[in-house]
Amino acid sequence: VQLQASGGGLVQPGGSLRLSCAASGSIFSINAMGWYRQAPGKQRELVALITSGGSTNYADSVKGRLTVSRDNAQNTVYLQINSLEPDDTAVYYCSANILASGTSDYRDYWGQGTEVTVSS
């Protein structure tokens, strides 16, 4: 099982980005999917989660500017970030709680991270 994140880049303040993360491999079922970020010199933090049923949860610091969504048929989770601020600069990691085929327990898998830089 692998998670591949994409969509990061250099954006001016006030701009928008859409990050994508696709899970692939021998997947039987995916529970929650989410996005975390790690800014330079800081710990990794959760920014958004979405359950298999579509319920969402956001960090207080990003509410109103970020929207998490998923395409269950494509095993893909998205993160739309609007009104980007310099403090949004970070490496964004996706994560998914996956039951791999032939296994009996869900476990968390991580993508490689995609870098977002907000600067003028």
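Q: Why is the disulfide of Cys21 and Cys94 called right-handed?
A: In this predicted model, the torsion about the S-S bond of Cys21 and Cys94 is about 55°, so the disulfide is right-handed.

Q: What makes Cys21 and Cys94 a disulfide?
A: The S to S distance between Cys21 and Cys94 is 2.0 Å. The cut-off for a disulfide is a pair of cysteine sulfur atoms within 2.5 Å, so the pair qualifies. A search of the whole structure finds 1 disulfide.

Q: Which parts of the chain does the pair link?
A: Distant ones: Cys21 sits in strand S3 (residues 17–24) and Cys94 in strand S9 (residues 90–100), 73 residues apart. Both Cys21 and Cys94 are buried.

Q: Why is Ala90 called buried?
A: Ala90, also found in strand S9, has 4% relative accessibility. Buried means under 20%, so Ala90 counts as buried.

Q: Why does Thr114 count as buried?
A: The relative accessibility of Thr114 is 9%, and the limit is under 20%, so Thr114 is buried. Thr114 lies in strand S11 (residues 114–118).

Q: Which residues is Ala90 in contact with, leaving aside its neighbours within four places in sequence?
A: They are Arg37, Gln38, Ala39, Thr114, Glu115 and Val116. The corresponding list for Thr114 includes Ala90, Val91 and Tyr92, as well as Gly8.

Note on methods:
Residues numbered from 1 in each chain as written. Predicted model: local features only at pLDDT ≥ 70, side-chain atom pairs only at ≥ 80, totals over all residues. Heavy atoms only, no water. Helix = DSSP H or I, 4+ residues; strand = E, 2+ residues; numbered from the N terminus. Buried < 20%, exposed > 50% of the residue type's maximum accessible area, 1.4 Å probe, protein only. Contact = heavy atoms within 4.5 Å.
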